[in-house]
Amino acid sequence: MTERTQAPYARIAAELRGRIERGELRPGDRVPSTRAITQRWGVAMATASKVLATLGQEGLVRAVPGVGTVVAARPATGQGRRPATEDDGAQRGRIVRAAVAIADAEGLAALTMRRLAAELGVSAMSLYRHVSNREQLVALMADAAFGEQALPERPPPHWRERLELSAALQWRLYRAHPWLAGAMNLSRPLLIPNGIRHIDWALAALDGLGLDTDARMHAAVTLFGYVRGHAVDLEPESEAARTSGVSGQEWMRAQEARLAALVERGSFPAFAAARADADLSPESLLHYGLTALLNGLAIRITTPPN
């Protein structure tokens, strides 16, 4: 049945269903009320009621007293919500692995519930039996990614070596998953066990060195944020290389004539003098900044504040 021949209630239900599948309406979000449906789509109250009834029968929405109709946390069967099974963990793991593969190959923006469902050969709504929404999926993906590089059970003996190892592992993960840095946010952090483990590792490394708990926490989060911030450019660069077929190094070489013209005007003498001897790369910049950060921390450890 095409959109033109669909009954009005079916057409409206399909539009709202699509918004739910795309994550525009997330579990717990209110969906338009019957009155809002009548006003927006110009249909009768009976038609609007049938829209919500249809979505309810599909397990996509539920009525909440005093709130209204909201998107269901998980789709329900005709006999109520599907009980958890021993296979849930395996199914969720399969979903997360497929989602990571899509994000690795095409970027996080390419990951939608519909795209993921197509990759797995299932319906988009069936995914909500295992993940509540896309935000939870991304958090599971990030946790799985951080879990790929385990911190050793026996850490190096020196605090600096421990922090350098943690930073190196994080950088390796960001390189393997260019979308990962952009998925993290220090203002609204993902509460993922494998990510918190790096903070815990850094805090333990700095214990007993004369720093109070506030200083240790700031140092641990600053280190985590430094590596993450340096890695944020990885996904845009990966996307640019994928779509243009030109690597970052090739792009820089193509800009050489333009850069030389800017320098030769004499407006940037310090830049011109340093440019010839500088050999910059993502890794060199990462290590330079990390060394400076740890050197500064070493001074605070050697001469702790009163």
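**Entry 1: a bridge from α7 to α15**

I began with Arg175 and Glu283, whose side chains meet in a salt bridge at 3.6 Å, N to O. The pair links distant parts of the chain: Arg175 sits in helix α7, Glu283 in helix α15 (residues 282-302), and they are 108 residues apart. I noted the rule: a salt bridge is a side-chain nitrogen of Lys or Arg within 4 Å of a carboxyl oxygen of Asp or Glu. Helices (H or I, at least four residues) and strands (E, at least two) are DSSP runs, numbered from the N terminus.

I also noted what I am looking at. This is a predicted model, where local features need pLDDT of at least 70 and side-chain atom pairs count only at pLDDT 80 or more, while totals for chains, interfaces and linings use all residues. Residues are numbered from 1 along each chain as its sequence is written, and side-chain values use heavy atoms, with hydrogens and water left out.

Next I looked up accessibility. Buried means under 20% relative accessible area, exposed over 50%, and partly exposed in between (1.4 Å probe, protein chains only). Arg175 is partly exposed at 42%. Glu283 is partly exposed at 28%.

**Entry 2: the other bridges**

How many salt bridges are there by this rule? I found 9 salt bridges. Salt bridges with shared partners join Arg19, Arg22 and Glu24 into one network.

Within α7 (residues 159-176) I looked at Glu164 and Arg160. Their closest N and O atoms are 3.5 Å apart, in a salt bridge. The two are separated by about one helical turn, because they are 4 residues apart in helix α7. Is Arg160 buried or exposed? Arg160 counts as buried, at 19% relative accessibility. Glu164 is partly exposed, with 35%.

Then I turned to Glu135 and Arg26, whose side chains meet in a salt bridge at 2.3 Å, N to O. Glu135 is in helix α6 (residues 134-146), Arg26 in the loop between α1 (8-21) and α2 (34-41), and the two are 109 residues apart. Arg26 is partly exposed, at 34% relative accessible area.

**Entry 3: the second largest pocket**

I met Arg26 and Glu135 again here: both line the second largest pocket, and others in the lining include Leu108, Arg134, Val138, Gly182 and Arg188. A pocket is an open set of points on a 1 Å grid over the protein atoms alone, where a 1.4 Å probe fits, with protein on both sides within 12 Å along at least five of seven lines; lining residues have an atom within 4 Å of a point. I read its volume as about 300 Å³, the space filled by probe spheres set on the points, which are joined across faces, edges and corners. Which helix gives the most to the lining? That is α6, with 4 residues. Both α6 and α8 (180-183) supply at least two residues each.

**Entry 4: the whole chain**

I logged 15 helices and 4 strands in the chain. Buried residues make up 36% of the 306 residues. I then checked contacts (heavy atoms within 4.5 Å). Among contacts between residues at least 6 apart in sequence, 67% join residues at least 24 apart.

**Entry 5: Ala7**

Last, I looked up Ala7, which lies in the segment before α1. Ala7 is partly exposed, at 30% relative accessibility. Ala7 and Thr47 are 40 residues apart in sequence and 9.4 Å apart in space, C-alpha to C-alpha.
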